[in-house]
Amino acid sequence: MTTFDFFVQHGCVPEDARQEIESALASVCSDILGPGATPVSASWTVIGKGFGFRGGKPSTTSLVRGRIPDGCGSETRARFLRTVAEEWCRITGAAQDEVIVSARDWSWAG
Amino acid sequence: MPFYRCLIPEDSLTYDQRERIAVAFTDVHCGLSGAPRSFVQVAFLETDGSREVADAYGQGTMKFSTPYFIAGGNRAGRSPDMKSRILEGLLGRFAEIAGISGEMVSGRISEAPASWTMEEGKILPDPGQESEWFAQHARSG
């Protein structure tokens, strides 16, 4: 199983793009991480206008925080992160520096 | 990578306060850790009275009993003393700028390995390796 928590700045990701993003990332999970990475679920948090900052300045950066099955090697994880970022930018039109993607192990306690 | 979510009551902070807190958090985090300012993300999320938030860097939820809460997420690899100083610094500046007593705000910082995050198409460096990381990526374009 894989979960994604999306933190997006107000107005940066249209609501009608969400389904396409979720579908695209589900395919990425299956293709790169294998059948153990499905099903995929997602939650969205919209950061209000004037409520998100990067380096102390208003932000347009989205955060994609994934939680994936344990046992992913570093090369596979890097390919996964890169592909998720590419899909995000393709669908939303965001620049590469406007998305931060992470994928932690399912059992990671933090 | 540092991502500080500030859980706040509805309509409790003005834009000016939020901006000042975001700058202060960037100052605290970067001043103590040496991390680049562009790494620091701060988001303010107004709560509906709920006193728990999902741990975006670990698992489960963070529960809290104060009206204001800072849910932090950082790269792993810093000493416990450094982590404690960062959190204390954040809480102190938050209370000062929000105009509240220190007892009204609490926080917790979770951590995950730097290699589990990609920013601008690059895997993040471990804490303390930022200069080499920037130099390496400047060379490679």
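**Notebook: helix pair and sheet**

I first looked up the two helices (DSSP runs of H or I, at least four residues, numbered from the N terminus): the axes of H1(A) and H2(A) come within 10 Å and cross at roughly 160 degrees. I took axes as lines fitted to C-alpha atoms, for helices over the stretch in contact, with angles from 0 to 180 degrees between N-to-C directions. This is a predicted model, in which local features need pLDDT of at least 70, side-chain atom pairs count only at pLDDT 80 or more, and totals for chains, interfaces and linings use all residues. Residues are numbered from 1 along each chain as its sequence is written, while chains are lettered from A and ligands numbered from 1 in the order in which they are written.

Angles over 145 degrees count as roughly antiparallel, and H1(A) and H2(A) are therefore roughly antiparallel to each other.

I next listed contacts (C-beta atoms, placed from the backbone, within 7 Å). Among them, A:Ile21, A:Leu25 and A:Val28 are on the H1(A) side, and A:Phe80, A:Val84 and A:Trp88 on the H2(A) side.

I then traced the sheet, whose strands are DSSP runs of E with at least two residues and pair if DSSP finds at least two bridges between them. Six strands form an open, mixed sheet in the order E2(A)-E1(A)-E5(A)-E6(A)-E7(B)-E8(B). E2 (40–47) of chain A and E8 (122–123) of chain B stand at the edges, each with a single partner strand, so one side of each lacks a neighbour in the sheet.

Definitions and conventions. Parallel < 35°, antiparallel > 145°, perpendicular 65-115°, else oblique. Contact = placed C-beta atoms within 7 Å.
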